[in-house]
Amino acid sequence: MASVLVVEDDQFVRSALIRHLTEATHTVRSVGTALEALREVAHFRFDVVILDLGLPDLDGSEALKMLRGITDVPVIIATARDDEAEIVRLLNDGADDYLIKPFSVEHLSARMAAVLRRARVPAGDVPPSDVLRVGGLAIDPLRRQAELDGARLDLTRREFDLLAFLAGRPGVVVPRKELLAEVWQQSYGDDQTIDVHLSWLRRKLGETAARPRYLHTLRGVGVKLEPPLSGQPL
């Protein structure tokens with residue numbers, strides 16, 4: 001059972017979601033505006049938020065950015081928009097998953113289950129008590145904290161999971177399928193999801209794909225994390 005916040009202004013869709021989620025034994029609260037959603041997450045703990053984009057007071061994409069400023073709760077976007085560039089932007093802004101309307105209750109249930117598994121299961125198979133160190137990186141899976149050269153990194157849950165998984169295999173090229181299976185808990189998916197999160201993580205590590213320091217992508221193969229080369233500027 002999960003605690004779910006439904007943010008949807010269409011009363012018909014909202015009622016259907018509430019009914020389905022309640023029948024699935026989830027605890028559900030619902031609101032119809034972005035500002036109400038922000039108040040809810042500030043006062044209550046949720047396991048997942050289902051966020052519509054077409055809200056009356058604020059576009060859902062802006063609401064997502066504001067939510068990410070105060071909480072790391074998993075967010076599933078529910079949208080009628082199927083523009084690929086916008087979907088990539090939403091993932092880049094912190095969405096955990098998205099569903100294109102109309103969708104079946106079975107599809108929603110499967111996506112929710114996957115998101116909740118990812119939120120509850122630590123990434124990788126490294127004992128959580130061990131601090132992982134790769135060059136100037138220090139990753140503590142137990143406290144879910146990461147530092148670069150002694151400075152705390154402000155990472156989202158997914159960014160941390162990705163970094164921790166790769167740090168547990170320094171210098172090893174991890175295939176994209178394995179990243180999807182272990183970090184995203186998915187047997188299939190869009191490579192752009194990985195690319196978006198790698199790009200976001202690179203920014204926080206102070207590097208780019210053209211000038212990598214820690215994160216190296218081997219086209220058509222996978223991704224590896226390794227310390228900067230000796231003499232490479234930090």
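Guide: Start with strand S4, residues 75-79, in this predicted model. It is mostly covered, with five of its five residues buried.

Visitor: Which residues of S4 point which way?
Guide: Val75, Ile77 and Thr79 point one way, and Ile76 and Ala78 point the other. All of them are buried. In a regular strand, side chains alternate between the two faces of the sheet.

Visitor: How does S4 pair with S3, parallel or antiparallel?
Guide: Parallel, over four bridges. S3 covers residues 48-52.

Visitor: What does the chain pass through between S3 and S4?
Guide: Helix H3, residues 60-68. The β-α-β crossover from S3 to S4 is right-handed.

Visitor: And S5, how many bridges does S4 make with that strand?
Guide: Four, again in the parallel sense. S5 is residues 97-100. Ile77 has a bridge partner there too, Tyr98. S4, helix H4 (residues 84-92) and S5 make a β-α-β unit, and that unit is right-handed.

Visitor: Back to H3. At what angle does H2 pack on H3?
Guide: About 20 degrees, with the axes 10 Å apart. H2 is residues 34-43. Angles under 35 degrees count as roughly parallel, so H2 is roughly parallel to H3. Their crossing is right-handed.

Visitor: Which residues make that contact?
Guide: From H2, Ala34, Ala37, Leu38 and Val41. From H3, Ala63, Met66 and Leu67.

Visitor: Why does Val4 count as buried?
Guide: Because its relative accessibility is 0%, and buried means under 20%.

Visitor: What is Val4 in contact with, leaving aside neighbours within four places in sequence?
Guide: The list includes Leu21, Val28, Phe46, Val48, Ile50 and Met112. His26, Thr27 and Arg29 are on that list as well. Val4 and His26 are 22 residues apart in sequence, yet their C-alpha atoms are 6.9 Å apart in space.

Visitor: New topic. In what order do the strands run in the sheet with S10?
Guide: S10-S12-S11. The three strands form an open sheet, and the pairing is antiparallel. The edge strands are S10 (174-175) and S11 (215-218), and each pairs on one side only.

Visitor: How many bridges join S10 to S12?
Guide: Two, and the strands run antiparallel. S12 spans residues 222-225. Val174 has Val223 of S12 as its bridge partner.

Visitor: Which strands does helix H6 touch?
Guide: S10, S11 and S12. H6 is residues 157-167, and it packs on the sheet with its direction at about 75 degrees to that of S12. Helix H8, residues 191-205, packs on the sheet too, touching S11 and S12. The direction of H8 makes about 145 degrees with that of S11.

Visitor: How far apart are the axes of H6 and H8?
Guide: 10 Å, and the packing angle is about 85 degrees. The range 65 to 115 counts as roughly perpendicular, so H6 is roughly perpendicular to H8.

How values were computed. Residues numbered from 1 in each chain as written. Predicted model: local features only at pLDDT ≥ 70, side-chain atom pairs only at ≥ 80, totals over all residues. Heavy atoms only, no water. Pairing = 2+ DSSP bridges. Contact = heavy atoms within 4.5 Å. Axes fitted to C-alpha atoms, helices over the stretch in contact; angles between N-to-C directions. Buried < 20%, exposed > 50% of the residue type's maximum accessible area, 1.4 Å probe, protein only. Right-handed = clockwise from strand over helix to strand, strands pointing away. Parallel < 35°, antiparallel > 145°, perpendicular 65-115°, else oblique. Left-handed = near helix turned anticlockwise from the far one by under 90°.
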